[in-house]
Amino acid sequence: MTAHIIDGKTIAADLRGKVTDAVHRLLRDRGLVPGIAVVLVGENPASEVYVRTKSKMVAAAGMHAIDRKLPATTSEAELLALVGELNADPAVNGILVQLPLPPQIDSHKIIAAIDPAKDVDGFHPLNVGRLASGLPALVPCTPLGCVMLAKTAHVSLAGLDAVVIGRSNIVGKPVAQLLLAENATVTVAHSKTRDLLGLCRRADLLIAAIGRPEMVRADWIKPGATVIDVGINRVAGQEGQQAGKSRIVGDVAYAEVAAVAGALTPVPGGVGPMTIACLLLNTLRAACAQNGLPAPSI
Ligand code: NAD
């Protein structure tokens with residue numbers, strides 16, 4: 001079997017297009033421009049690239065981007081004060097504080113200080129609890145993107161045996177909650193799981209969110225299964241053309257798994273582009289809710 005490659009780049013571009021159309025309608029009919037504040041503390045080069053890309057995409061979608069860059073020496077009190085200011089600003093519909101934060105700042109305290117209605121990352125305990133309770137919530141962007149991609153390969157996820165490898169608050173746990181909400185039978189595996197191989201081999205849907213380059217091999221995969229690769233791992237280039245250059249690989253050994261799986265996301269070009277597209281969607285949803293408007297039908 002050769003897997004159908006789930007083209008996250010195209011699916012994300014399509015989603016961004018729908019969000020952009022809805023943003024234009026919001027401006028035309030209500031005079032509203034959704035705004036998102038992105039807060040970056042310190043000098044992490046990877047975060048800086050990511051934040052720049054986010055700001056560009058926000059602007060391209062017709063939204064207002066408010067970038068706040070603070071020095072690495074920023075105190076917890078100073079960041080809490082900024083979050084308070086953004087909570088109170090009616091032009092700001094979404095607040096995203098880029099993680100990780102410097103060690104003097106407790107990220108849990110910062111996340112808890114964000115107005116849950118503006119928590120477009122979906123990390124506030126209230127949104128986490130609402131998702132777990134099956135109530136409407138702002139849902140973390142990468143997990144939302146994973147489920148959207150999985151749904152392109154299945155008419156319904158109901159009844160599927162889904163295995164999530166990874167139990168982080170950012171990916172593993174929320175993706176498991178979203179799959180439960182889709183009526184999948186969900187198992188969450190992690191670093192202490194016994195017989196990971198046996199579990200994975202039974203999965204109709206496998207989500208890998210581990211952070212270990214190419215750990216998931218072809219013999220872990222049930223023939224025809226859907227595999228969503230969340231991992232982003234930078235590794236040294238191979239011999240030959242790529243020698244000396246680093247490259248990005250996922251948590252899944254792409255070439256060999258593609259020969260067994262029914263559908264597979266590539267890295268790059270799979271889950272990654274969906275994350276920012278879902279952030280735009282969350283910001284649009286937050287702006288509508290804050291203005292008493294129905295959720296956009298996207
Ligand atoms: P994390 O380090 O917080 O969590 C990793 C999880 O993997 C843990 O729960 C751990 O128990 C599990 N794990 C580690 N080793 C294992 C093993 N040998 N067997 C089974 N389980 C094991 O990481 P995270 O924040 O959840 O991110 C996971 C990966 O996804 C990383 O590569 C990260 O870069 C990537 N990521 C991608 C996006 C995106 O937009 N595509 C967004 C977030 C994270």
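**A tour from the ligand to the sheets**

Select T275 and the ligand: an N or O atom in the side chain of T275 is 2.8 Å from an oxygen atom of the ligand. This pair is a polar contact, meaning two N or O atoms within 3.5 Å; within protein, one must be able to donate a hydrogen and the other to accept it, and residues adjacent in sequence count only if both atoms are side-chain atoms. Taken alone, the ligand exposes 860 Å², and the protein buries 72% of that (accessible area by the Shrake-Rupley method, 1.4 Å probe).

The model is predicted: local features need pLDDT of at least 70 and side-chain atom pairs pLDDT 80 or more, while totals for chains, interfaces and linings use all residues. Residues are numbered from 1 along each chain as its sequence is written, and side-chain values use heavy atoms, without hydrogens and water.

**Around the ligand**

Next, select R212, where a polar side-chain atom lies 3.5 Å from a nitrogen atom of the ligand. At V230, pick the backbone instead: a polar atom there is 3.5 Å from an oxygen atom of the ligand.

Helices (H or I, at least four residues) and strands (E, at least two) are DSSP runs numbered from the N terminus.

**The six-stranded sheet**

Switch to a cartoon view and find the open sheet of six strands, in the order β1-β11-β8-β7-β5-β6, with parallel pairing. The edges are β1 (4-5) and β6 (185-189); each has a single partner strand, so one side of each is left without a neighbour in the sheet. Two strands count as paired if DSSP finds at least two bridges between them. Strand β5 (residues 161-165) is joined to β6 by five bridges, in the parallel sense. To see one of them, select V164, whose bridge partner in β6 is V188.

Helix α7 (residues 172-181) packs on this sheet and touches β5, β6 and β7 (205-208), contact being heavy atoms within 4.5 Å. The direction of α7 makes about 170 degrees with that of β5; axes are lines fitted to C-alpha atoms, for helices over the stretch in contact, and angles run from 0 to 180 degrees between N-to-C directions.

In the loop between α7 and β6, select N183. Its phi is near 70 degrees, a positive value in a residue other than glycine.

**The three-stranded sheet**

Move to the open sheet with the order β3-β2-β4, also paired in parallel. Here β3 (64-70) and β4 (94-97) are the edges, each with a single partner strand, so one side of each lacks a neighbour in the sheet. The twist averages 15 degrees from one strand to the next. Strand β2 (residues 35-41) runs parallel to β4, and four bridges join them. Select A37 to find I95 opposite in β4.

**Two cis bonds**

Select L99 and P100, which a cis peptide bond joins, with omega about 0 degrees. P100 lies in the loop between β4 and α4 (107-113). Finish at V267 and P268, also joined by a cis peptide bond with omega about 0 degrees; P268 is in the loop between β11 (263-264) and α10.
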